[in-house]
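Please read it with the coordinates open.

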Amino acid sequence: MNHYAVLFDLIGDLARKRFHAAEQTFGTNGLGHSEARLLNLLGQLGGSASQTTLSTRMVLDRTNTGRALARLEQSGDIERIPSPVDKRSNDIALTDKGRITLQTIADLRQEIIASFFGDLTTSEAATAIRLLRKAIPEVSHE
């Protein structure tokens, strides 16, 4: 048995399970997984960032990021503000509504986490974190 192949497949299964749970949960509030992640990232970055920064940190291409940002702008969760550094681009900023949505996302995320791992103990989760960080130390931990 190739343990690395099994681990690789299990990580893929977990990623799909996480995406599906997020899509279902956030979807009941009119958000897609990407929109929820973008709002969360904006919150982590202090409420504003360039689209390039968001695309890079999300590991999404600019087109998909742009689509998700357009939906968030249409819903009133973000606004585009002319960049003081580059007049050809805009910075993306959370609105007051976006900050409320961000809190809703945080609450929903806790619900997802509570149901996601089944019978995994806190100790087992800590071991998994340690091992996965050893394998992928350069990954951002959103």
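1. The buried residues of α1 are covered by elements that include α2 and α5 (96-116), where contact means heavy atoms within 4.5 Å. The buried residues of α1 are Gly12, Ala21, Ala22, Thr25 and Phe26. Buried means under 20% relative accessible area, exposed over 50%, and partly exposed in between (1.4 Å probe, protein chains only). Helices (H or I, at least four residues) and strands (E, at least two) are DSSP runs, numbered from the N terminus.

2. On provenance: this is a predicted model, in which local features need pLDDT of at least 70 and side-chain atom pairs count only at pLDDT 80 or more, while totals for chains, interfaces and linings use all residues. Residues are numbered from 1 along each chain as its sequence is written, and side-chain values use heavy atoms, with hydrogens and water left out.

3. Helix α1 covers residues 3-27. Its 25 residues should span 36 Å at 1.5 Å a residue, and the end C-alpha atoms are 35 Å apart, which agrees; the expected span is 1.5 Å times one less than the number of residues. The N-terminal end of α1 is capped by asparagine 2, with a side-chain oxygen 3.0 Å from the backbone nitrogen of tyrosine 4.

4. How do α2 and α5 pack? Their axes are 10 Å apart at an angle of about 110°, and the two helices are therefore roughly perpendicular to each other. Axes are lines fitted to C-alpha atoms, for helices over the stretch in contact, and angles run from 0 to 180 degrees between N-to-C directions. Angles under 35 degrees count as roughly parallel, over 145 as roughly antiparallel, 65 to 115 as roughly perpendicular and the rest as oblique. On the α2 side, Ala36, Leu39, Asn40 and Gly43 meet Thr101, Leu102 and Ile105 of α5.

5. Helix α2 also packs against α4, at about 80° and with the axes 9 Å apart. This pair is therefore roughly perpendicular too. From α2 the contact takes in Ser34, Glu35, Leu38 and Leu39, and from α4 Thr65, Ala68, Leu69, Arg71 and Leu72.

6. The sheet is open, with three strands in the order β1-β3-β2 and antiparallel pairing. The edges are β1 (48-50) and β2 (78-82); each has a single partner strand, so one side of each is left without a neighbour in the sheet. On average, neighbouring strands are turned by 30° against each other, direction ignored. Two strands pair if DSSP finds at least two bridges between them.

7. As to the bridges, β2 is joined to β3 (residues 90-94) by five, in the antiparallel sense. Glutamate 79 has alanine 93 of β3 as its bridge partner, and isoleucine 81 has aspartate 91. Three bridges link β1 and β3, also antiparallel.

8. Two helices lie across the strands. Helix α2 (residues 33-44) lies across β1, β2 and β3 and runs at about 90° to β3. Helix α4 (residues 62-75) lies across β2 and β3 and runs at about 110° to β2.

9. Is aspartate 77 buried or exposed? Aspartate 77, in the loop between α4 and β2, counts as buried because its relative accessibility is 2%. Its side chain makes polar contacts with the side chains of serine 75 (2.6 Å) and lysine 97 (3.3 Å). A polar contact is a pair of N or O atoms within 3.5 Å; within protein, one must be able to donate a hydrogen and the other to accept it, and residues adjacent in sequence count only if both atoms are side-chain atoms. Leaving aside neighbours within four places in sequence, the residues in contact with aspartate 77 include Leu39, Leu72, Ala93 and Thr101.

10. Serine 75 belongs to helix α4 and is partly exposed, with a relative accessible area of 32%. A polar atom of its side chain lies 3.0 Å from the backbone oxygen of leucine 72.

11. A point to check by eye is valine 59, in the loop between α3 (51-58) and α4. Valine 59 has a positive phi of about 55° although it is not a glycine. This residue is exposed, with a relative accessible area of 71%.
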